[in-house]
Amino acid sequence: FVTPFGVQLASDGASQRQQLPDINAAVIVPGFLTGANDFQPLVDDLNARGIPSVTVKFPNWHWIPCLGGRSARPILERIDFTVRHLCANGGDVNAIPDFHYNAMDCFLDFQDNPGGVMEAGGSAEVDEFPKDVRPRGGFSIPNEDARGRVAIIGHSAGGWISRVYLSNRDYGGRAYRGSDFVHSLVTLGTPHGNAPGPAFRSVDWINQEEIPTNVRALAVSGKGLKGDSSGQFTQNAYSFCCNEGSDGSIYDGDGVSPIQSALAMEGPTCEKLILDGTTTHFPWSDVFGGEYFAPDLAKMYQEGEVLWYGSERCLDQWADWLLKKN
């Protein structure tokens, strides 16, 4: 059928299949150049709130094949692996097996992964990616069928990549159809809005469709960090995420994603939330390199001037949404 955006979606009978029951468990997808260890405090806090959670288990160097706006398929394979195992085991977040991936796999993926600034594979456009390029790695298939559907929490780029996972459309050689396994999606500071440049070609691609109607969605944005007064990193980030011609100075947001981009996820099941209190994109001073990449934001976070999406006061505003019934 054709969406309101004019995009033809594959019809495989998914709408006629019996929908799986909801499982109270969540998969956290780390944002660009971050890894599972960075999100362990958030995992612990969600577990304490009655939301069993697990982060997609990869270190930050697994993002290397995606540098320069290349295909997100290496990350999508990891999301699919984690979601399918969690659905098959009934939501036991401690029973997700490891997958196998080494430095040579990463090097070869970096060579082959299509798209991006260098137009690897011939084009930066998603629909022109070669269909025969598959990410490397050993990802086991669950021994049992899915017993239910789980939630996904996507931070930053992890949010729009999670939207690609939900889609029934072919993305660089595979349609993941994740809406069969996901009942809810929360995005935290995700740049959902279209913007110029190869880094946003996949965002442009997923914005051709809305959130599937069988998935609840919540787009969460921080605020209080103005482009003209929060450091050069923030101004540059806002300029990168917004329309061509802007220097980023006029926007407000979390220091990386401006509000209008973080809330640009659309669909009849999509809700939107701007957090109370000044909230930054990431706990910059708590991670290696944060003070180097975003010194102004790291200083504000370290001195307690700002919160981040995983701070208790912020969790109070969005975490309980996951426990709501449809």
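## An exposed aspartate and its partner

Asp-98 is exposed, at 58% relative accessibility (exposed is over 50% relative accessible area, buried under 20%, partly exposed in between; 1.4 Å probe, protein chains only). The model is predicted: local features need pLDDT of at least 70, side-chain atom pairs count only at pLDDT 80 or more, and totals for chains, interfaces and linings use all residues. Residues are numbered from 1 along each chain as its sequence is written, and side-chain values use heavy atoms, with hydrogens and water left out.

The side chain of Asp-98 forms a salt bridge with that of Lys-57, at 3.4 Å from N to O (a Lys or Arg side-chain nitrogen within 4 Å of an Asp or Glu carboxyl oxygen). Asp-98 sits in the loop between α2 (73–88) and α3 (103–112), and Lys-57 in the loop between β2 and α2, so the pair ties together parts 41 residues apart in sequence. Lys-57 is partly exposed, with a relative accessible area of 36%.

## Other salt bridges

The whole structure holds 14 salt bridges. One of them joins Arg-174 to Glu-77, with 3.2 Å between the closest N and O atoms. This pair links distant parts of the chain. Arg-174 lies in the loop between α4 and β4, Glu-77 in helix α2, and 97 residues separate them. Arg-174 is partly exposed at 23% relative accessibility. Glu-77 is buried, at 12%.

Arg-136 pairs with Asp-109 in a further salt bridge, whose closest N and O atoms are 3.1 Å apart. Here the loop between α3 and β3, which holds Arg-136, is linked to helix α3, which holds Asp-109; the two residues are 27 apart. Arg-136 counts as partly exposed at 23% relative accessibility. Asp-109 counts as buried at 4%. Elsewhere, shared partners join the salt bridges of Arg-73, Glu-77, Asp-80, Arg-84 and Arg-174 into one network.

## The sheet

The protein has 10 helices and 9 strands (DSSP runs numbered from the N terminus: helices are H or I, at least four residues; strands are E, at least two). An open sheet is built from 7 strands. Their order is β2-β1-β3-β4-β5-β8-β9, with parallel pairing (a pair needs at least two DSSP bridges). The edge strands are β2 (53–55) and β9 (307–308). Each has a single partner strand, so one side of each lacks a neighbour in the sheet.

Strands β5 (residues 216–223) and β8 (residues 270–280) run parallel and are joined by 6 bridges. Lys-223 has Thr-278 of β8 as its bridge partner.

## Helices on the sheet

Helix α1 (residues 40–48) packs on the sheet and touches β1 (22–29), β2 and β3 (149–155) (contact: heavy atoms within 4.5 Å). Its direction makes about 170 degrees with that of β2 (axes are fitted to C-alpha atoms, for helices over the stretch in contact; angles run from 0 to 180 degrees between N-to-C directions).

Helix α4 (residues 157–166) also packs on the sheet. Its contacts are with β1, β3 and β4 (182–188), and its direction makes about 145 degrees with that of β3.

## Overall form

The C-alpha trace spans about 50 × 45 × 45 Å along its principal axes.

Of the 326 residues, 55% count as buried. Among contacts with a separation of 6 or more, 75% come from residues 24 or more positions apart. The protein exposes about 14100 Å², and carbon and sulfur atoms supply 50% of it (Shrake-Rupley method, 1.4 Å probe).
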